[in-house]
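Keep the viewer open while you read.

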Amino acid sequence: MKIIILGFGAVGQGVARVISMKKDYLRSKYNLNPKIVAVCDRSGAAIHEDGLDEELLLETKTGKGKISLYPEYGIPGMDSLQVLDEIEYDCLVEVTPTDIDDGEPTRSHIIKAMEGGKDVVTSNKGPLALSFQELADCAKTNNVEFKFEASVGGAMPILNFAHENLAGCHIESIYGILNGTTNYILSRMANEGSSYEQTLKEAQEMGIAETDPYQDVEGVDAACKIVILANSVLNLPVTLKDVEVEGISRITSESIALAKKEGLLIKLIGEASPNALEVSPRLVSQGSPFAVEGTLNVATLKTDLADEVTVVGKGAGSVETASAIISDIISIWKRRR
Ligand code: HSE
């Protein structure tokens, strides 16, 4: 399977690392031989139709900062749309930073790939939160696979879980912690009394915060995930502007300490149902399934047959998020075969 990776930040590098780590496993278990034929970042591209070396891609990015400096096959300044036009491939992995104003350039990348008959896997929330129906229709019209498990909850299985494991159930609502950065900040503030600024900085250094961390702390990232869940799982054709959003930037250390004294924790909770689309700080009891710490995400799906089902997992992180991307790639491979 020939793969193009657009975006080579934490998630893109995680995908290259996972492909490198799991090569033998993928071949022996699924007869899948993923070849990264092109990678783009802001500096340009690295392109090789026989497959780029994953370790050299990672070394180039960490050592030189620019993928276009990949030995021999780097092309400074080459544009991502041009790469999609000129390179032969099967599957686009779109992992550029999320833009919440117009979802670009991701939206154009995805549409171009689909119109060219290519399957798409993305972790990018922007275009899904702004134009979910357009992208889903485009996939259908062009008869291609469009998978985005990594866009909600990183390594926490939720979309494919809802569609496959809960296939016979009607899902009424989803309620949960959907942002790893804010959960990390709030847990550190509660447990160690660390400051908001310091923990946000740590989250950025760990590569879990968005390129623009405003999206995390003001609740926009969680709101994007609520929109994706509402469309994909609850069949509600909503967009980002339909979500009521309040973030955590006004939560003080004093209010966290006060809640703690009462056996409560402040968490940023998202809710999606036909009656509510909302992200806001709420109180949960210490010891409840929502009292998860660090970068963990958690979500409860309320269903007609199975009652409530709760999933939990790492909501952010390079290899963690790549685990969801590789699972989408395997699923596409199985269908295509
Ligand atoms: N910034 C996001 C988070 C990354 O902290 O959850 C995963 O979507």
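The points below go from the domains to the ligand and then to the backbone.

1. Some ground rules before we start. This is a predicted model, where local features need pLDDT of at least 70, side-chain atom pairs count only at pLDDT 80 or more, and totals for chains, interfaces and linings use all residues. Residues are numbered from 1 along each chain as its sequence is written, and side-chain values use heavy atoms, with hydrogens and water left out.

2. The protein splits into domain 1 (2-154 + 318-336) and domain 2 (163-314); these bounds come from an automatic or database domain assignment. Their C-alpha centres are 26 Å apart. Where they touch, domain 1 supplies 17 residues and domain 2 supplies 20 residues, with contact meaning heavy atoms within 4.5 Å.

3. How much area is buried between domain 1 and domain 2? It is about 1,600 Å², and carbon and sulfur atoms give 65% of that. Buried area here is the accessible area (1.4 Å probe) that two parts lose on being put together, summed over both.

4. Two salt bridges turn up across this interface. The rule asks for a side-chain nitrogen of Lys or Arg within 4 Å of a carboxyl oxygen of Asp or Glu. Have a look at glutamate 210 and lysine 125: they form a salt bridge, with the closest N and O atoms 2.8 Å apart.

5. Now the ligand. Residues around it include Lys125, Glu210, Asp216 and Gly315, where being near means having a heavy atom within 4 Å. A ligand oxygen sits 2.7 Å from a polar backbone atom of glycine 180, and a polar side-chain atom of lysine 225 is 2.9 Å from an oxygen of the ligand. Asparagine 179 has a side-chain N or O atom 3.5 Å from a ligand oxygen.

6. Finally, two backbone spots. Most residues other than glycine have a negative phi, and most peptide bonds are trans. The bond from glutamate 104 to proline 105 is cis, with omega near 0°, and proline 105 is in the loop between strand E5 (91-94) and helix H5 (106-115). Glutamate 72 has a positive phi, near 70°, in the loop between helix H3 (54-64) and strand E4 (74-76).

Technical notes
Polar contact = N/O pair within 3.5 Å; in protein donor to acceptor, adjacent residues only side chain to side chain. Helix = DSSP H or I, 4+ residues; strand = E, 2+ residues; numbered from the N terminus.
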